[in-house]
Amino acid sequence: GSTLVFGERVLPVYEEYLGLLLSQADKSTDASQEAWLDRVQATLEDLNASEVLDYFDDDCLLPQQVMSLDQIPAGTAVIYPIILTDQPQLLVRVPSGIYRFKVGIGADELKSRSLQFRELLTDPSSSRETYINQATTLYDALVKPYEALLETENIQTLVTVPASYLRLLPMAALHSGEEFLVNQYQLVTTLGLQLTDSSTFDSSQASAFIGGVSDAVQGYVALPGVEAELNALRLPLQANPVLNSAFTVANVTRQLSEGNESIVHLATHGFFDSDHANSFLLAHDDKISLDRLQSTVGTRRFTGQPLDLLVMSACETAKGDERAALGLAGVSLKAGARSTVASLWPIADAATALLMQRFYAELRAGESKAAALQAAQKMLLTDQQWQHPNYWSPYLLIGSWH
């Protein structure tokens, strides 16, 4: 029920307020325009925070140390697509200030093209011509308007704060006409800077918990690639997999809440629904609810040993449901994790295993999470067998990118 309440009562208030702020920005001079755009950014942040807290029906999820809205790290741009109004706009915060751009297409066209693009990406048999075509149109709408600014500011990392249906879309698969966005930038998704942990962490030495379910249990199909995936991670992560009958709700949640592993890699079915109560990760004997995750693993953030990275390699979001995508993005808040890596749709086992091996090898070599994921995605993209964006684009780095 709360979905409807949020959509019918809360969202329209924000829409109207954002409309007012944007029209004030239109009328104002340079100096005061920046102040209006600051307010637009703060309002978008509040909207996202209230939406995720509404989804989880919980007000206590905010991280303790969060990023500031105006102190953007060098080389980083934060992009807020504003799609609530008839004329979609883009708010871009870079180290030198805040800028606004108009999107070249209308709200309805942007939405229909985005959803069509997602359909093309989720089907590995879609032709290169059709998906590149759509990828270029969306690049022109969502990136091209501020391309010159990114060059002037020498940006390497693009942090997107997506809203609504754009949460279903991997930015990595947008195409400039010459190359995919993942080739140009390190890409990060976040629910907002107010929901992003700003503390720093070195993943190169972090200890890890790896586990999952490859058996067919509770009516879910077997995941034959899980054992190979976890075995391939033994060496880089220096960990022994907790697999199948050992991967019970009690055992996993106990080990994760009592342990001090900073990296947790879960290779099991997971499902994110528009109602957080129906969202879960599959253990061998039962389902691990997101509330269970919060009451066990999530408590570690109060002991000063929060989870640094939660990786979920076989999860899926309810098909095309933007609210379910909010759950996928928000699971790190429930687990008290600084960052999550998860995919927007399930992909071939073998591709996942390759991507994950490369991702952790890069992390171990001292790369940031954003650079590590980019390297892993580019590796799949250059492999004949996995070059379709179905295989490499759905993985998102959500939250802190360091």
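Tutor: Let us begin with a definition: the expected span of a helix is 1.5 Å times one less than its number of residues. This is a predicted model, and in it helix α12 covers residues 369-381.

Two other helices show how a pair can be described: for packed helices, one gives the angle between their axes and the distance between the axes. The axes of helix α7 (residues 225-237) and helix α11 (residues 349-364) come within 9 Å and cross at roughly 10 degrees. Since angles under 35 degrees count as roughly parallel, α7 is therefore roughly parallel to α11. On the side of α7 the contact is made by Gly225, Glu229, Ala232, Leu233, Pro236 and Leu237, while α11 contributes Asp349, Thr352, Ala353, Met356, Gln357, Tyr360 and Arg364. Sorted by class, this contact of α7 with α11 has 7 nonpolar, 3 polar and 3 charged residues.

Finally, we can turn to a strand, β12 (residues 337-343), which is mostly covered, as 7 of its 7 residues are buried. Strand β11 (residues 307-317) is joined to β12 by 4 bridges, and the two run parallel, with Leu310 standing opposite Thr340 in β12.

How values were computed
Residues are numbered from 1 along each chain as its sequence is written. This is a predicted model: local features need pLDDT of at least 70, side-chain atom pairs count only at pLDDT 80 or more; totals for chains, interfaces and linings use all residues. Side-chain values use heavy atoms; hydrogens and water are left out. Axes are lines fitted to C-alpha atoms, for helices over the stretch in contact, and angles run from 0 to 180 degrees between N-to-C directions. Angles under 35 degrees count as roughly parallel, over 145 as roughly antiparallel, 65 to 115 as roughly perpendicular and the rest as oblique. Contact means heavy atoms within 4.5 Å. Ala, Val, Leu, Ile, Met, Phe, Trp, Tyr, Cys and Pro count as nonpolar, Asp, Glu, Lys and Arg as charged, and the others, Gly among them, as polar. Buried means under 20% relative accessible area, exposed over 50%, partly exposed in between (1.4 Å probe, protein chains only). Two strands pair if DSSP finds at least two bridges between them.
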